[in-house]
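Thanks for coming. I will go through one structure today, starting with the overall figures and ending with the charged pairs.

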Amino acid sequence: MTFHDGFLSEMIGRTAVLDGVGPKLTIGRISDFVVERPDDTFPKIDALVIKSRRGKHLAPIGSIVDFDANGNLVLRELPMREAPPDDEALYLVEDLFDKQIVDVDGRKVVRINDIEVARTGGALRVVAADIGFGGIVRRLGGGSLGRALVHKLPRTLIAWDNVAPLHDINPTQI
């Protein structure tokens with residue numbers, strides 16, 4: 001699997017390993033994705049949060065090699081920078097998963113089940129919020145049966161340029 005188009009739920013929980021001479025060193029698991037400029041139309045993912053026994057640290061996108069044949073995230077360098085506070089960045093999993101959004105006419109409330117990302121313009125960007133049953137199935141896993149089911153379900157996505165934060169009411173709300 002290459003590090004590009006897909007859904008965050010497909011990457012969360014994967015093991016992060018350090019690339020180097022000899023066997024790869026396990027350093028933690030992917031726990032979140034950080035966007036430093038969430039107001040962009042299709043915001044760029046700036047870093048991944050790697051959770052280990054020594055805490056949560058950021059792996060900048062530039063330090064990522066790819067996913068290896070075993071599905072591990074391969075990094076060029078050990079993540080050393082601590083994750084920024086919640087008020088300084090948007091954490092895609094922590095801040096958005098299972099949060100409710102309202103359509104612009106205020107007639108329908110839906111829940112964000114997953115986030116779709118794509119490599120465009122030389123960066124990994126947030127492109128859509130998955131509000132359908134497929135997002136729930138992906139998050140629950142289910143192995144090959146779950147993957148087969150997701151492909152048969154209709155995609156229910158809201159393009160990210162149609163999602164806006166409600167800063168005046170509560171900055172953590174979308």
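What share of the contacts in the protein with a separation of 6 or more comes from residues 24 or more positions apart? The share is 49%, where contact means heavy atoms within 4.5 Å.

First, the ground rules. This is a predicted model, so local features need pLDDT of at least 70 and side-chain atom pairs count only at pLDDT 80 or more, while totals for chains, interfaces and linings use all residues. Residues are numbered from 1 along each chain as its sequence is written, and side-chain values use heavy atoms, with hydrogens and water left out.

The protein has 3 helices and 13 strands; these are DSSP runs numbered from the N terminus, helices being H or I with at least four residues and strands being E with at least two. Of its 174 residues, 43% count as buried. Buried means under 20% relative accessible area, exposed over 50%, and partly exposed in between, with a 1.4 Å probe and protein chains only.

Strand S3 (residues 25-35) is joined by 4 bridges to strand S2 (residues 15-18), antiparallel. S3 also pairs with strand S4 (residues 47-52) in the antiparallel sense over 5 bridges, with Asp 32 opposite Val 49. Another 2 bridges join S3 to strand S8 (residues 90-91), where Val 35 has Leu 90 as its bridge partner.

Next, the interior. A nonpolar core here is a set of buried Ala, Val, Leu, Ile, Met, Phe, Trp, Tyr and Cys residues joined through side-chain atoms within 4.5 Å. The largest one has 33 residues, and those touching the most other members are Leu 8, Phe 33, Ile 45, Leu 73, Leu 92 and Ile 115. S3 gives the most to this core, with 4 residues. Leaving aside residues up to four places away in sequence, the contacts of Phe 33 include Leu 8, Ile 45, Leu 90 and Leu 92.

Is His 57 buried or exposed? His 57 is buried, at a relative accessible area of 7%. It sits in strand S5 (residues 55-60), and its contacts beyond four places in sequence include Val 49, Pro 79 and Arg 81.

That brings us to the charged pairs. The structure holds 5 salt bridges, each a side-chain nitrogen of Lys or Arg within 4 Å of a carboxyl oxygen of Asp or Glu. Arg 81 forms one with Glu 36, the closest N and O atoms being 3.6 Å apart. Arg 81 lies in the loop between S7 and S8 and Glu 36 in the loop between S3 and S4, so the pair ties together parts 45 residues apart in sequence. Arg 81 is partly exposed at 47%, and Glu 36 is partly exposed at 39%.

Asp 46 and Lys 44 meet at 3.5 Å, N to O; Asp 46 counts as buried at 18%, whereas Lys 44 is partly exposed at 37%.

Terms used. Pairing = 2+ DSSP bridges.
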